[in-house]
Amino acid sequence: MTNRSSLRFMLLILSATFAFLYIPISVLFALSFNASGLPTAWTGFSTHWYGELIANSDIIGAALNTLIVAIVSTLAATLLGTLLAIGVEIRRRKGRVLETVIFAPMIIPDIVLAIALLSFFSMLDFRMGLHTIIISHTVFNLAFVCAVVRARLKSFDWSIVEASTDLGATPPITLRRVILPVLTPAVVAGALLAFTLSIDEFIIAYFTAGSGRDSITLPMQIFSMIRFGVTPEINALAVLVMTLSVVALAISQRLNRGRLPGQ
Amino acid sequence: MTDRKPVYLMTPALAWLTAFMVVPCLLILALAFFRRGIYGGIVYEFTLSNIALVFDPLYARIFLKSAGIAGLAATIAVVIGYAAAYAIASMPRKRQPILLFFAVLPFWSNYLVRTYAWIVLLNREGLIVSLARAVGFDGDLPQMLYTETAVVIGLVYNYLPFVILACYAPLSRLNPEIHEASRDLGASEWTTFRRVTLPMTVPGIATGFVFVFVLSIGNFVTPALLGGGQFQMIGNLIYDQFLTANDWPFGAALSMFLIAIMMGLLTLQTFASEKASGQQRAEVSDD
Amino acid sequence: MTSTLLSLANIEKRFGELRAVNGVSLDIRENEFFALLGASGSGKTTLLRMLAGFDMPSSGHILLDGHDISQVPPNHRPVNLMFQSYALFPHMTVAQNIAYGLEMEKLPRTEINERVDEMLSTIQLTHLAERKPEQLSGGQRQRVALGRALVKRPRLLLLDEPLGALDKKLRGEMQLELKHIQNTFGITFIVVTHDQEEALVMADRIAILKDGELLQCGSPHEIYEYPVNRFAADFIGVMNFLPARVDSGALRAVNGSRIAAPLPADLKPGDNALAAVRPERLRLGVADADNCLNGRISAMAYHGLDLHLHLETPVSPHPVMVRLTADAAEGHPFSVGEEVSVGWSARDTRVFTA
């Protein structure tokens, strides 16, 4: 399959693709350390814009909101999603409706879920704020946690559950001592994925945040900064946000792929 | 395990999904058939006028335009993504996971940030213009930001990693002996690709295309940021109905159409993968 | 040794329309090594799962020491199962795997540790006690699975295809080791297997299952030498079947020649029958043989210890298999196409209803 000239061609394709993927990101990265903050000229290395960032109370507030939303919705989604995954995989019969409901949050266009939730909350006269963002994020987060855990369960040797019963354990003991420990890496990976999705999520948060300034999340803040006047500190913010989600994801990948017993 | 246990494990999550996804979506479905009040708001009176309005030439044109842009973005993304996935799959086995990891990594960074990066590049005082000036180009440069092209670039850029992932999956599962068998039977490299590799990897291509298309047609961030509000796509139209025009029933009707398009495409995609996997199964049972 | 430990009384298991196990009755004795032998779909695994408690019989009773345990859940039965996949807990060490069942009995920690150590030395894995299952070889995993079940000192140990995942050489060693361990512990073993050789080598008694029904139950010798019908005969070892007809007290092959054999009482003149003889019972030459047969060699296979000949004969549509020991074949340079005569005695012939 790989004679010399075709290998060279493949390497060319790869280099071009990686250049396309990484040049824009790298430019942001470089700019965030450019003293002038402008793409027109390099005026020297500086962490000035990162300093500006920390001094900006709007951004710090938004970042805190994002953390609250991400942490709470991740915890809720991890609990609900893991139990859901176990429940679904234990069942021998798979229902089409059930599969659709579980799959839907991952494929419904964000904008549709966003307006649906907005209509729902406002028709119930639900006061909107951080809590409604958390509720909404839990919807898609639990679907993703469930998907990750189910993927692990597919290669799960169910006979160890029977073995546990055979050795005298009751179902709750089996859940606690056998099923959950074996699933832990996948559960953590799912939780980190959910966390990443939540800190990056913009549209649904934007629609379900209500009108108060105190429920603005970081992506919402970034959106308005991009839209209404670009300031150089956004480069620094972009780099920080990007780094955070990439780190969370890298850990998640590692947990999910590295040394999983029984795989 | 008794059959009762799975139910109580699933109940909390299913209750959550029902309350905060199924019911709101049904609500939107119902909303599409109510009348809009004169000062906004909803009058609970059955009507088909919102559905009819979707087919009004003014809005139908926006639908077609969105579909056109989404289709273009999806096509470009699939061509680049398939080539990249094919290249990764032809690298030594040990290197493939790391290459794939770096191909997908950008996908997990913030969508807004990735889109913003293109503003920096395409801006009138942006990097590309600065570079052109730096190498001594003094002529008029065409407007790059706030054009359709910019929107398509943004969509391709954002969703390319997923297409690579989707195309890589079936490519990496291909048995290299099938490729060798085709060569052994006298087919050229190109014929082998066209008659063997490509048909067997259709599911990945279909998944990638549908994914990019669906996410693009309903997108409103990219048109808003890179299109600069120069033109509307369905996503922006829905956004406007809810947040500025205050015509919720019409916004709901538009959403229903978006969902309908998406479901139609997903059905096609399922069909494509089932057909292709059927072929593969037949090949397995033949040997 | 002769007292009955386990009694299956008319066990039936239906899955919807399918009768997976159909009216099986069996008695298994204390301290016996018992094999349930059958092809896939014979119901042997379903039967095993009912003994372990993972499935409940649709009707019938399972008596252990005289108590009906049919409805007792698996975690309350003094019966343990060694799983086909071994089902070791991947997140626990070897020692933790073995201790698990004892912890479920809420034994004091010191006793648990003692019994785990004792078991580790029995299965010769003391040096690997802190390893995880994924760091063990197939044979070592199998021993952990065995130790984990045995350490609970069950009344009855069930083994589901215990040697299925091992390679051929290791399987031979483990067959002997399993028998040895069973002897040492004095626990009744029931092995489920599809491998007839495994059953013949290890078991004191074998039950053959087919389509959910019990075909025959007996010692390996009985099963091999005195199969009760053509299915049992066909299932174990290789058997030559010669179609025949009962003709006024004698058996005649399709070409009219007489087959000398003990006739079962239920065969009446005019009935179709099958005469059966094992390949190793056929001898070269026909001197003082009750039966003889001429045939042409259609194929030969040399196996080292013995030589297999396939004969085309007038008495059967299928080639007749002859297994000659190396001694018997000595000095005969056979070749394909050659005509040979073979004979066998009447008492080596079994006759079945066709």
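Guide: Happy to. Buried area is the accessible area that two parts lose on being put together, summed over both. Please keep in mind that this is a predicted model. The contact joins 22 residues of chain A to 24 residues of chain C. On the side of chain A, Asp166(A), Leu167(A) and Arg177(A) supply 37% of the area buried against chain C, more than any other three residues.

Between chain A and chain C the count is 2 salt bridges, along with 10 residue pairs in polar contact. Two helices of chain A, α7 (159-166) and α8 (171-200), each bring at least two residues to this side. Of the elements involved, α7(A) gives the most, with 7 residues.

Now turn to chain B. Between chain A and chain B about 7200 Å² is buried, 85% of it from carbon and sulfur atoms. Helix α1 (residues 4-32) of chain A provides the largest share of the side of chain A that touches chain B, 15 residues. In total, 79 residues from chain A and 75 residues from chain B take part in the contact. Across this interface there are 0 salt bridges, while 7 residue pairs are in polar contact.

Terms used: Residues are numbered from 1 along each chain as its sequence is written. Chains are lettered from A and ligands numbered from 1 in the order in which they are written. This is a predicted model: local features need pLDDT of at least 70, side-chain atom pairs count only at pLDDT 80 or more; totals for chains, interfaces and linings use all residues. Side-chain values use heavy atoms; hydrogens and water are left out. Contact means heavy atoms within 4.5 Å. Buried area is the accessible area (1.4 Å probe) that two parts lose on being put together, summed over both. A salt bridge is a side-chain nitrogen of Lys or Arg within 4 Å of a carboxyl oxygen of Asp or Glu. A polar contact is a pair of N or O atoms within 3.5 Å; within protein, one must be able to donate a hydrogen and the other to accept it, and residues adjacent in sequence count only if both atoms are side-chain atoms. Helices (H or I, at least four residues) and strands (E, at least two) are DSSP runs, numbered from the N terminus.
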